[in-house]
Amino acid sequence: MTIASSVQLDMLNEVGNIGAGNAATSLSILMDRKVIMHLPWTRVCSIEEGCSILSRVGEVGICVEVRVEGNLSGTMLLTLTEDSAAHIISSFGTMLEGKTLVDDLAQSALMEVGNIVTGSFITAISNFVGETGMSTPPILLYDYFDAFICNTVIARTEGSDVVLVFKTELEVDGKAIFGDLAFLPSPEAFRAITKKLDVAEGMVEVNG
Amino acid sequence: MDYLVGIGEYRIADAPSTVTTRGLGSCVGVIIYDCSRRAGGLAHVMLPNSKDFSTFTNPYKFADLAVPALHRELCLKGCSYMQAKIAGGAKMFTFSSDRSGFDIGMRNIEQVRRVLSELGVPLVASDVGGSWGRTVILNTETGITQVRTVGRGESEL
């Protein structure tokens with residue numbers, strides 16, 4: 001992968017911002033709570049930097065991972081601390097009352113939350129840049145952060161020590177829920193996004 | 001002293017101390033221990049082979065470079081009767097879209113075994129594979145290595 005210019009990273013950040021905004025809105029509707037999205041950021045980093053950015057070292061949590069195929073191919077992650085995941089489950093009301101994180105029904109609910117949040121992210125950015133991205137069914141892991149994050153980052157590097165990471169922190173109801181929404185685009189997806197935005201910029205100049 | 005080994009790092013220590021690495025997924029924790037000197041070390045390797053990469057920043061994330069470095073440092077300390085234990089190398093996710101044969105955990109395990117046999121260090125215990133993470137704690141007093149998991153209990157190597 002060629003190293004991205006700072007302008008290209010800004011572009012990806014902006015596109016990701018649109019995606020994350022939509023994801024936050026869907027989460028807010030789903031949970032009927034106020035969701036705050038922190039300022040997102042985009043980095044080009046080495047494999048271990050990528051891991052330390054996305055991981056919560058030594059902690060245990062939930063990770064919903066979705067692979068994206070098409071021109072916007074990549075990996076999307078929704079990660080939650082144990083407390084946050086438990087809080088989301090409790091917000092579903094009586095249906096999941098008393099269910100813990102190891103319960104199948106609780107995990108399936110969290111997987112659905114992950115599916116909706118990542119799905120609205122991908123839909124928003126694919127509408128914006130006019131390229132297709134199709135999500136595959138989500139996978140959920142309840143394990144050490146380092147264990148699932150490293151695996152995901154390595155699977156995304158494809159033979160280079162460089163990985164592109166977009167990340168934003170979500171916060172629900174003040175401080176009750178902490179989670180990260182991350183997108184690791186493939187080099188092809190990154191090129192597709194930056195190329196589309198270059199063209200759009202050019203057209204504005206011609207018309208203006 | 002209690003030492004913590006991060007991703008792509010290694011560390012050696014004398015007794016009495018513990019050396020811990022947390023949350024091994026497809027990564028492999030390699031422990032080399034000398035019970036006569038009661039000293040040992042732990043490496044947290046992420047990838048099998050540095051030769052697959054044209055450029056990289058940290059050599060110790062690769063099994064082919066980290067394990068010899070750990071071994072060399074223990075030799076310099078005067079260790080001669082060394083044994084190895086390994087843990088990790090899981091396949092955390094299985095996606096239908098994955099390219100066939102892409103199992104980084106398995107490749108890490110195979111490479112670590114190869115490097116250990118080249119160095120002439122016998123592999124005496126392993127807890128590898130599966131689809132779950134592991135936290136590994138080496139007690140340099142006894143050489144006993146504790147493996148912890150989320151929801152699958154603890155075991156000793």
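A residue counts as exposed when its relative accessible area is over 50%, and as buried when that area is under 20%. Keep these cut-offs in mind as you look through the close-ups of this predicted model.

**View 1. S80(B) sits in a loop of chain B, between α1 and β6 (83-88).** With a relative accessible area of 64%, S80(B) lies over the 50% cut-off, so this residue is exposed.

**View 2. Five strands of chain B make an open sheet with mixed pairing.** Follow the strands across the sheet in the order β2-β5-β4-β6-β7. At the edges stand β2 (10-14) and β7 (123-128) of chain B; each has a single partner strand, so one side of each is left without a neighbour in the sheet. On average, neighbouring strands here are turned by 15° against each other, direction ignored. Strands of a sheet pair through backbone hydrogen bonds, in either a parallel or an antiparallel way.

**View 3. β2(B) meets β5(B), and a helix packs on the sheet.** Five bridges join β2(B) to β5(B) (residues 39-45), and the two strands pair in the antiparallel sense. To find one of these bridges, look for I12(B), whose partner in β5(B) is G41(B). Helix α1 of chain B (residues 63-76) packs on this sheet and touches β2, β4 (28-34) and β5 of chain B. The direction of this helix makes about 170° with that of β5(B).

**View 4. Strand β8(A) pairs with β4(A) and with β7(A).** Of the nine residues in β8(A) (177-185), eight are buried, so this strand is mostly covered. Seven bridges link β8(A) to β4(A) (residues 74-81) in the antiparallel sense. The pairing of β8(A) with β7(A) (residues 163-172) is antiparallel too, over seven bridges.

**View 5. Residues of chains A and B line the second largest pocket.** About 200 Å³ of space lies in this pocket. From chain A, the lining includes Q107(A), L141(A), Y142(A) and D143(A). From chain B come S131(B), W132(B), V150(B), G151(B) and R152(B). Strand β6(A) (residues 139-144) gives the largest share of the lining, three residues. Sorted by class, the lining has four nonpolar, three polar and two charged residues.

Definitions and conventions: Residues numbered from 1 in each chain as written. Chains lettered and ligands numbered in written order. Predicted model: local features only at pLDDT ≥ 70, side-chain atom pairs only at ≥ 80, totals over all residues. Heavy atoms only, no water. Pairing = 2+ DSSP bridges. Helix = DSSP H or I, 4+ residues; strand = E, 2+ residues; numbered from the N terminus. Axes fitted to C-alpha atoms, helices over the stretch in contact; angles between N-to-C directions. Contact = heavy atoms within 4.5 Å. 1 Å grid on protein atoms, 1.4 Å probe; cavity = no way out; pocket = protein on both sides within 12 Å on 5 of 7 lines; lining within 4 Å. Points joined across faces, edges and corners; volume = space filled by probe spheres on them. Nonpolar A, V, L, I, M, F, W, Y, C, P; charged D, E, K, R; others polar. Buried < 20%, exposed > 50% of the residue type's maximum accessible area, 1.4 Å probe, protein only.
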